[in-house]
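Colleague: I am new to this structure. Please show me how to read it, one feature at a time.

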Amino acid sequence: MKNRLMLLTVAASVLLVPSLMLAHHGQAAYDVTQSVTIKGTVSNFKFTNPHCIVSLDVKDEKGEKQPWQGELTSPNHLVRVGWTGQTLKPGDDVTLTGFRAKTGVNSMWITKVVLGNGEEMKTGGGN
Amino acid sequence: MRNCWMGSILVVAGSLSSPLVLCAQESASAKAQSSTPDLSGVWNKKNMPGTRYGGYTFSAEEPSMTPWAQERFKANKPSFGPRSVEDSNDPVNPTTISATGCFPPGVPRVYLHPFPLEIVQSPGRVLMIFEFDHYIRQIWTDGRPHDTSLGPTWFGDSIGHWEGGTLVVDTIGFNDKTWLDRGGHPHSEDLHVVERMRRVDAKTLQIDVNIDDPKAYIKPWGGRMMFDIHPNWHISEMICEDNVNFDEFLKNEKPKK
């Protein structure tokens with residue numbers, strides 16, 4: 001019974017791992033009426049066109065790490081509001097606010113970034 | 001001013017030219033050059049209130065299409081706008097790895113890709129440098145007629161003339177491989193685009209686009225775009241093929257069961 005429960009939990013976790021469904025899709029995949037805020041530790045920061053991707057681990061209510069991903073606009077726009085490819089690095093604390101993916105997976109279109117030192121970074125124009 | 005001084009020195013040295021005549025000639029030439037309006041700078045398209053369509057097309061109203069165009073419109077599956085679908089066949093931004101993308105956006109679609117443009121003016125020619133995939137438009141203002149000897153092209157052939165403070169750009173010679181916008185509106189090789197560009201004030205550029213294609217549209221349509229100047233920006237590299245790499249990135253990032 002315990003093993004079956006563990007199997008179900010593992011299966012559920014796999015389903016909840018974030019996946020950015022559409023490729024270069026604009027914001028169609030996100031629910032712009034639902035804003036969420038998460039705080040976690042950066043695991044990866046992809047600073048590349050068409051959209052930059054922040055990967056982070058967020059502790060859930062049980063204290064377990066849940067992987068999340070957030071999308072930002074093109075690095076061409078971000079550098080114009082003060083970003084570099086090193087603004088976020090693995091191990092950094094970050095608080096992200098954004099529109100959650102419509103399917104409910106741990107994925108968002110980021111609208112606000114607050115760094116570990118409390119500094120808020122602009123997120124540039126939308127795409 | 002310097003030229004007037006030079007004229008004076010020549011008179012002192014015994015030149016036949018009078019300094020006043022020389023100064024007048026230089027002023028007239030300088031005035032002629034300075035009278036050409038200046039649209040130069042790095043410009044970024046504004047999101048204007050009430051123009052939510054501005055991300056994917058030029059007008060809130062749906063243009064009336066001929067049956068020829070309606071058939072193509074139905075077949076075009078965009079990745080942006082109210083008709084966007086997951087399996088888009090957009091020639092610039094498809095959403096499936098199997099579809100080839102990053103074809104040139106053409107005119108006027110290039111304006112809808114959200115990256116700045118730079119206008120560089122020189123006598124006889126205006127250049128528009130687009131950050132989106134580094135496209136360049138040449139608009140000849142030296143009075144030459146259209147040159148379509150290359151055959152139909154992705155961006156057509158552009159010539160321009162000044163009407164007061166407005167640069168009127170006339171473009172023909174398009175191939176029919178592009179979409180007019182990101183919403184999937186088609187066009188034929190008969191497409192004729194007229195743009196009217198003027199600097200509303202020091203910081204604002206206005207471009208009115210008129211799309212005329214009787215094979216595809218019952219009547220001309222188009223819209224107005226406004227741009228802010230950004231004196232501290234420069235055009236950077238932006239490579240469309242990175243979108244394709246992004247697809248690969250997404251594919252690899254998906255959890256492996």
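Modeller: Start with pairing. Two strands pair if DSSP finds at least two bridges between them. Keep in mind that this is a predicted model.

Colleague: In strand 4 of chain B, what is the bridge partner of Met128(B)?

Modeller: The partner is Arg137(B). Strand 3 of chain B and strand 4 of chain B, residues 136–140, run antiparallel and share five bridges.

Colleague: How many residues lie between strand 3 of chain B and strand 4 of chain B in their hairpin?

Modeller: Five residues lie between them. In the turn, Asp133(B) has a positive phi of about 55°.

Colleague: Which residues have the most contacts inside the largest nonpolar core?

Modeller: Trp43(B), Ile119(B), Met197(B), Leu205(B), Val209(B) and Ile211(B). Several strands of chain B each supply at least two residues of this core, including strand 2 (117–122), strand 3 (125–130) and strand 8 (204–212).

Colleague: Now the whole chains. How many helices and strands does chain A have?

Modeller: Chain A has two helices and six strands. Along the sequence the pattern is α-β-β-β-α-β-β-β. Chain A has 127 residues, and 34% of them count as buried. Take the contacts in chain A between residues at least 6 apart in sequence: 58% join residues at least 24 apart.

Colleague: What is the pattern of chain B, read along the sequence?

Modeller: The pattern is α-α-β-α-β-β-β-β-β-β-β-β-α. That gives four helices and nine strands. Of the 257 residues in chain B, 33% are buried. Among contacts in chain B with a separation of 6 or more, 53% come from residues 24 or more positions apart.

Colleague: Where is confidence lowest and where is it highest in chain A?

Modeller: The lowest is helix 1 of chain A, residues 2–16, with a mean pLDDT of 48. The highest is strand 6 of chain A, residues 120–121, at 97. Chain A averages 82, and 76% of its residues score at least 70. Over residues 8–24 of chain A, pLDDT stays under 50. The model still has 35 contacts beyond four places in sequence for that stretch.

Colleague: What average pLDDT does chain B have?

Modeller: Chain B averages 86, with 80% of the residues at 70 or above. In residues 1–17 of chain B, pLDDT stays under 50, and the model has 16 contacts there beyond four places in sequence. Residues 28–33 of chain B are also below 50. Beyond near neighbours in sequence, residues 28–33 of chain B have zero contacts in the model.

Colleague: Which overall scores does the model have?

Modeller: The model scores ipTM 0.77 and pTM 0.81.

How values were computed. Residues are numbered from 1 along each chain as its sequence is written. Chains are lettered from A and ligands numbered from 1 in the order in which they are written. This is a predicted model: local features need pLDDT of at least 70, side-chain atom pairs count only at pLDDT 80 or more; totals for chains, interfaces and linings use all residues. pLDDT is the predictor's confidence in each residue, from 0 to 100. Two residues are in contact if their C-beta atoms, placed from the backbone, lie within 7 Å. A nonpolar core is a set of buried Ala, Val, Leu, Ile, Met, Phe, Trp, Tyr and Cys residues joined through C-beta atoms within 7 Å. A residue is buried if 20 or more other C-beta atoms lie within 10 Å of its own, exposed if 12 or fewer, and partly exposed in between; C-beta atoms are placed from the backbone.
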